[in-house]
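Please consult the sequence and the model shown here while reading.

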Amino acid sequence: TECISGCVCPEGLFDDGRGGCVEEKDCPCTHNNQWYSSGDTITVDCNTCTCQKGVWSCTDHVCYGTCMIYGSGHYITFDGKFYDFDGNCEYVAIQDFCGDRNSSGSFSIITENVPCGTTGVTCSKAIKMFLGKTELKLENKEYKEIQRDVGDDVVYWNRTVGLYLVIEASNGVMLIWDKKTTVFIKLSPDYKGKVCGLCGNFDDKSNNDFTTRSGLQETNALKFGNSWKQSPMCPDVTQEIKPCDMKPHRKSWAEKECSIIQSEVFKICHSKVDPIPFYEACVHDACSCDSGGDCECFCSAVAAYAQECTKAEACVFWRTPDICREYQFNTN
């Protein structure tokens, strides 16, 4: 009865969202603000999704979870919570000895943090991995095995991939270490909701990741982190360290170097992984590494964002002969 401005598709055809009209079988799908044609496939975590009539049809494999610890006290939990904690002590990164003090478990991973500059920020110096009665200590770019008297036999394998040492155990625990300050911990889905520590509880909910050793839920990262220290003799962390405020002459250099994360180089990833927390972590690390190794701190920070981009199907080749020339490794 009245004229309506605009274009519509003829009967039997559908708007494809890109200015055209198609049959239902040819309807496209969207993912992370990108359009995909019917029949296209993408990978999400460990599953493959196929576009069918405008709807994604995905396999239902259960995927390993990943926790990342990198640089000067940056943590991304299994459930995706990003936070900073600078403690000078040994801390439980993750374990399945949770709840009842007498409960049994099969593994524990401890991170030993030490100052990595004059500002007070800390980096992971060594990793201890307890698998049944086997203890592995990763330090100074190598690892050694110690056999204890108690515990079960847990079989494990180790291999070197580029610059990374990979340790994989038969109980569904994997550790990937860059022999510096970055460690990835991967767990099979059997551990969902059954672990605890600085990496959270792996229950697909990030809002309860700050669960303390005593089982209380915290909102403060410092109180949460302090609860997971191994020795009561270590001092509690009482304030967040801001190295750029302490070393303002380094701030402009840090911001300039770290701007690569927000630049065109990583543009393909920006809609998939928020660059802001990784940029802020990069600036934090570049300011703090004032005792040598400042380029290493910067490279590790950018590599952390690149790794998350790779997981989100946005592979970026950002290293050049002038910028962090090293071997890139996909931890998926």
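## Disulfides, domains and sheets

The link of Cys98 and Cys196 is left-handed, with -100° about the S-S bond. Cys98 lies in the loop between β11 (90-95) and β12 (107-115), whereas Cys196 belongs to the loop between β19 and α1, so that distant parts of the chain, 98 residues apart, are linked. The sulfur atoms of Cys98 and Cys196 are 2.0 Å apart, and a disulfide is here a pair of cysteine sulfur atoms within 2.5 Å. Cys98 counts as partly exposed at 23% relative accessibility, while Cys196 is buried with a relative accessible area of 12%. Buried means under 20% relative accessible area, exposed means over 50%, and partly exposed lies in between, with a 1.4 Å probe and protein chains only. Helices (H or I, at least four residues) and strands (E, at least two) are DSSP runs numbered from the N terminus.

The model is predicted: local features need pLDDT of at least 70 and side-chain atom pairs count only at pLDDT 80 or more, whereas totals for chains, interfaces and linings use all residues. Residues are numbered from 1 along each chain as its sequence is written, and side-chain values use heavy atoms, with hydrogens and water left out.

By the sulfur distance rule, the count comes to 11 disulfides. A disulfide is a covalent bond between the sulfur atoms of two cysteines.

| Disulfide | S to S distance | Torsion about the S-S bond |
|---|---|---|
| Cys67 and Cys199 | 2.0 Å | -70° |
| Cys98 and Cys196 | 2.0 Å | -100° |
| Cys269 and Cys309 | 2.0 Å | about -95° |

The disulfide of Cys67 and Cys199 is left-handed. This pair links distant parts of the chain, 132 residues apart: Cys67 is in strand β8 (residues 65-70), and Cys199 is in the loop between β19 (183-187) and α1 (221-226). Cys67 is buried, with a relative accessible area of 1%, and Cys199 is likewise buried, at 0% relative accessibility.

A disulfide also joins Cys269 to Cys309. Its torsion of about -95° makes this disulfide left-handed. Cys269 lies in helix α4 (residues 267-270) and Cys309 in helix α6 (residues 294-311), so the pair ties together parts that are 40 residues apart in sequence. Both Cys269 and Cys309 are buried.

Cys27 counts as buried, at 12% relative accessibility. Cys315 is partly exposed, with a relative accessible area of 49%.

### Domains

The protein chain is divided into domain 1 (14-58), domain 2 (65-227) and domain 3 (243-312). These bounds come from an automatic or database domain assignment. The centres of domain 1 and domain 2, taken over C-alpha atoms, are separated by 38 Å.

### Strand pairing

Two strands are taken as paired if DSSP finds at least two bridges between them. An open sheet of three strands, with antiparallel pairing, has the order β5-β6-β7. Each of β5 (41-44) and β7 (55-58) stands at an edge with a single partner strand, so one side of each is left without a neighbour in the sheet. From one strand to the next, the twist averages 35°; angles run from 0 to 180 degrees between N-to-C directions, and axes are lines fitted to C-alpha atoms, for helices over the stretch in contact. β5 and strand β6 (residues 47-52) run antiparallel and are joined by four bridges. Within this sheet, Ile42 stands opposite Cys49 in β6.

Strand β13 (residues 122-131) is largely enclosed by the rest of the structure, because nine of its 10 residues are buried. β13 pairs with β12 in the antiparallel sense over nine bridges, and Pro115 stands opposite Thr122 in β13. Five bridges join β13 to the antiparallel strand β14 (residues 134-139), where Lys137 stands opposite Lys128. The hairpin of β13 and β14 has two residues between the strands, and Gly132 in this hairpin takes a positive phi near 60°.
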